[in-house]
Amino acid sequence: MSTKNFDVVVIGGGPGGYIAAIRAAQLGFNAACIDEWKNEKGGPAPGGTCTNVGCIPSKALLQSSEHFEHANHHFADHGITADNVQIDVAKMIGRKATVVKQNNDGILYLFKKNKVSFFHGRGSFVAAKDGGYEIKVAGAAEETLVAKHVILATGSNARQLPGAEFDEELILSNDGALRIPATPKKLGVIGSGVIGLEMGSVWRRLGAEVTILEAMPAFLGAADESVAKEAAKVFKKQGLDIQLGVKIASVTKGKDSVTIAYADAKGAEQSLVVDKLIVSIGRVPNTIGLNPEAVGLKLDERGAIVVDDECKTNLPNVWAVGDVVRGPMLAHKAEEEGVAVAERIAGQHGHVNFGTIPWVIYTSPEIAWVGKTEQQLKSEGVEYKAGQFPFMANGRARALGDTTGFVKMLADAKTDEILGVHIIGPFASELISEAVVAMEFKASAEDIARICHAHPSLSEATKEAALAVDKRTLNF
């Protein structure tokens, strides 16, 4: 078995990994990427959780379910008659699989275009060797690689609830939630985070009775309180039963159902029987099979790889990015770290600003934010000004037929620098980018207010929120 030498070897082909490998190759390094994801035929499926069982397939199902809901409940407002609208769940799942494969194939094409060597299998450390590291690839054919630099991008796994281990048939992780073959009559979700809300929304639109059980006493605690309150009101109106402050006592599988025994917020014992149960209580760093002991790689108490501010581990020339290290478990955060590490290896000054990483929940309405929440500013004693503008007063939103929500802007009381922007409403995932750019350039609320925005557009609500920071508006 021959040994292949590389300047940079990336273990993990998710957003952080494949981006890091491509950027390293663009910077002139002989780069390789190892990834073990398999498609239905056993072939390579790079892209990690994001592409295969996360960001991409969930958005495909959200889009399909939103079309179905519009056809059933909103087409008539536009004068469109659509009687007896049906959903073919199998075809919907098939479309999702096609979208995933297109993304898998796109990554393989980018590897080829950028001359990144790809190895399909599980990568693990063997030993430090000659100023570098020996890495084994366990796949269809075992390979041995030697790398001067190693970038670890092994991602994360869904956290299991003790006593409710995933079988992906009745008790589902994000993976199983994306492969439900038919709309369940009753769907339970433990956890009201991003995955729980998005998957609950998909199956609620398709006709499931959805109950979400959340341990925390507050809904969407990471979001701005005003956004969270608006979201809770809207989701309740849509039919999502969200119960807060619950304590799960037990989860019992039957032949075709799952029974959840729990205490509600008042301490009363309750029982919920569902056809399927999605457990969405966070994710844990994935170092399974990496064999960190072989080289002395340091992990923390959560199992995450310990890194400094530049993503360096305790080992020389070994780096780590994405979900497997500290910070938010977001695909775009992993991508930014991957690019930054490749540039640091090249002697450049790669940069990631955690303060301007946007967060998005792709429900309907969408929820997005960047920067500080109002409650954070209060707790930190920061003097601030707040401006808010409703989509109800936005002409484009009225034309779309979706006037839910608002844009909220927070700015420093003395300097007017934008400290946070929070959006709930149509296309919030797209609108938040303007705020990210503005904050990266240290813009003031007045800067946004004085920029010409197209009319009619949803982005005008951002301009109006900026104007409202100084207690002035044009349209409201």
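Modeller: Let's start with a pocket: in this predicted model, the second largest pocket holds about 520 Å³ of space.

Biologist: Happy to begin there. Which residues are closest to the centre of the second largest pocket?

Modeller: The lining has 18 residues, and Lys38, Asn39, Glu40, Ala97 and Val100 are the closest to the centre.

Biologist: Which helices each supply at least two residues of that lining?

Modeller: Helix H2 (48-53) and helix H4 (89-113) do. H4 gives the most, with seven residues.

Biologist: And how many residues of the lining are nonpolar, polar and charged?

Modeller: Seven are nonpolar, four are polar and seven are charged.

Biologist: Now to the aromatic rings. How is a pair of aromatic rings described?

Modeller: By two values, the distance of the centres and the angle of the planes. In this structure, a search of the whole model finds five aromatic pairs. Take Phe125 and Tyr133: their ring centres are 6.0 Å apart and the planes are at 70°, so this pair is edge-to-face.

Biologist: Are Phe125 and Tyr133 buried or exposed?

Modeller: Both Phe125 and Tyr133 are buried. Another of the pairs is Phe219 with Phe235, where the centres are 6.2 Å apart; the planes are at 90°, so we call it edge-to-face.

Biologist: Which parts does the pair of Phe219 and Phe235 tie together?

Modeller: Phe219 lies in the loop between strand S9 (209-213) and helix H7 (225-238), while Phe235 is in helix H7, so the pair links parts that are 16 residues apart in sequence. Phe219 and Phe235 are both buried.

Terms used:
Residues numbered from 1 in each chain as written. Predicted model: local features only at pLDDT ≥ 70, side-chain atom pairs only at ≥ 80, totals over all residues. Heavy atoms only, no water. Phe/Tyr/Trp six-rings, centres within 6.5 Å; stacked < 30°, edge-to-face > 60°. Buried < 20%, exposed > 50% of the residue type's maximum accessible area, 1.4 Å probe, protein only. Helix = DSSP H or I, 4+ residues; strand = E, 2+ residues; numbered from the N terminus. 1 Å grid on protein atoms, 1.4 Å probe; cavity = no way out; pocket = protein on both sides within 12 Å on 5 of 7 lines; lining within 4 Å. Points joined across faces, edges and corners; volume = space filled by probe spheres on them. Nonpolar A, V, L, I, M, F, W, Y, C, P; charged D, E, K, R; others polar.
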